[in-house]
Amino acid sequence: MTSHASFRPAWQDHVADALDLVMPVWCAGCDAPGRPLCEACRTEISRPARRESRGLEVWSAARYEGATARAVRALKEDGRTGLVRPLGALLTQLIRTAGWSDVALVPVPSSRAAMRRRGYAVPELLARRCDAPVARLLRARGRVADQRLLGRSDRQRNVAGSFVARPGTGSVVIIDDVMTTGATLREAQRTLTAAGLRVTGAAVLADTPLQIFPGVHE
């Protein structure tokens, strides 16, 4: 995969240097000063992989560990929305690698609790940084428990019926930040398919190590 740095215009680095003089920033991955995500951490994060989640093709930019996990947590929990630009660029390249550049992106909607806590929807922010059309075809409904507190079998039951889709036609790609068991992505796929759309696949920033251990099944 081509390094993300080759797609970063030089003027963006000059602007970042100027801003750092008046508004210092540091790398979310390693705390190095000067960038929301330094060159070394961007390189570490850029490890694309293709997965299958019960028939759904899923591309992830990296494992959810190390610099990747720190950067995602900083975006989701610490309000560091400046990370949307470099992380969105990684997703853009991932979508190109998968051959989905001309397919509309459908971000997974955040729960009401997450929106109240953060004030923004991470998947939508990321999708809007990708070089592809974005379609807000899904919305959340009802209340779901925090997926982080649930086991594998409980996650699928927890998200069942948690989305509503606008009827439509054509092909779409689902966008989310992190995949663990794939339960949320599969429920989004089921809902969109029932509404008449064809789900080509899904793209996420990271999948958890659980997803890639040999012998571990969903």
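## Basis of the model

In this predicted model, local features need pLDDT of at least 70 and side-chain atom pairs count only at pLDDT 80 or more, while totals for chains, interfaces and linings use all residues. Residues are numbered from 1 along each chain as its sequence is written, and side-chain values use heavy atoms, with hydrogens and water left out.

Helices (H or I, at least four residues) and strands (E, at least two) are DSSP runs, numbered from the N terminus. Helix 4 covers residues 84-98, 15 residues, and spans 20 Å from its first C-alpha to its last, close to the expected 21 Å. The expected span is 1.5 Å times one less than the number of residues. Helix 4 is mostly covered, with 12 of its 15 residues buried. Buried means under 20% relative accessible area, exposed means over 50%, and partly exposed lies in between (1.4 Å probe, protein chains only). Among the buried residues of helix 4 are Val84, Leu87, Leu90, Leu91, Leu94 and Ile95. Gly99 follows helix 4 and has a positive phi, near 80°.

Helix 8, residues 183-194, has 12 residues and reaches 17 Å between its first and last C-alpha, close to the 16 Å expected. Its buried residues include Leu185, Ala188, Thr191 and Leu192, and also the charged residues Arg186 and Glu187. Gly196 comes after helix 8, with a positive phi near 105°.

## Salt bridges

The structure holds 12 salt bridges, each defined as a side-chain nitrogen of Lys or Arg within 4 Å of a carboxyl oxygen of Asp or Glu. Arg118 and Glu77 form one of them, at 3.2 Å from N to O. Because Arg118 belongs to helix 5 (residues 112-118) and Glu77 to helix 3 (residues 66-77), this pair ties together parts that are 41 residues apart in sequence. Arg118 is buried, at 18% relative accessibility, whereas Glu77 is partly exposed at 40%.

Another salt bridge joins Arg96 and Asp131, whose closest N and O atoms are 3.7 Å apart. This pair also links distant parts of the chain: Arg96 is in helix 4 and Asp131 in the loop between helix 6 (122-127) and strand 4, 35 residues apart. Arg96 is partly exposed, at 35% relative accessible area, and Asp131 is exposed, at 57%. Elsewhere, Arg50, Glu52 and Glu57 are linked in a network of salt bridges. Glu52 is partly exposed at 41%, as is Arg50 at 43%.

## Positive patch

Arg112, Arg116, Arg139 and Arg141 form a positive surface patch. Patch residues have over 30% relative accessible area and no salt bridge; like charges are joined within 9 Å, and nonpolar side chains (Val, Leu, Ile, Met, Phe, Trp, Tyr) within 5 Å. Arg141 sits in the loop between strand 4 (138-140) and helix 7 (152-159) and is partly exposed, with a relative accessible area of 42%.

## Positive phi outside glycine

Asp31 is not a glycine, yet its phi is positive, about 70°. Asp31 lies in the loop between helix 1 (10-22) and helix 2 (39-45) and is exposed, at 58% relative accessibility. Arg54 also has a positive phi, near 55°. Arg54 is in the loop between strand 1 (49-53) and strand 2 (56-63), and is exposed with a relative accessible area of 56%.

Notes
Areas by Shrake-Rupley, 256 points an atom, 1.4 Å probe, with all protein chains shown as cover. Charge placed at Lys NZ, Arg CZ, Asp CG, Glu CD.
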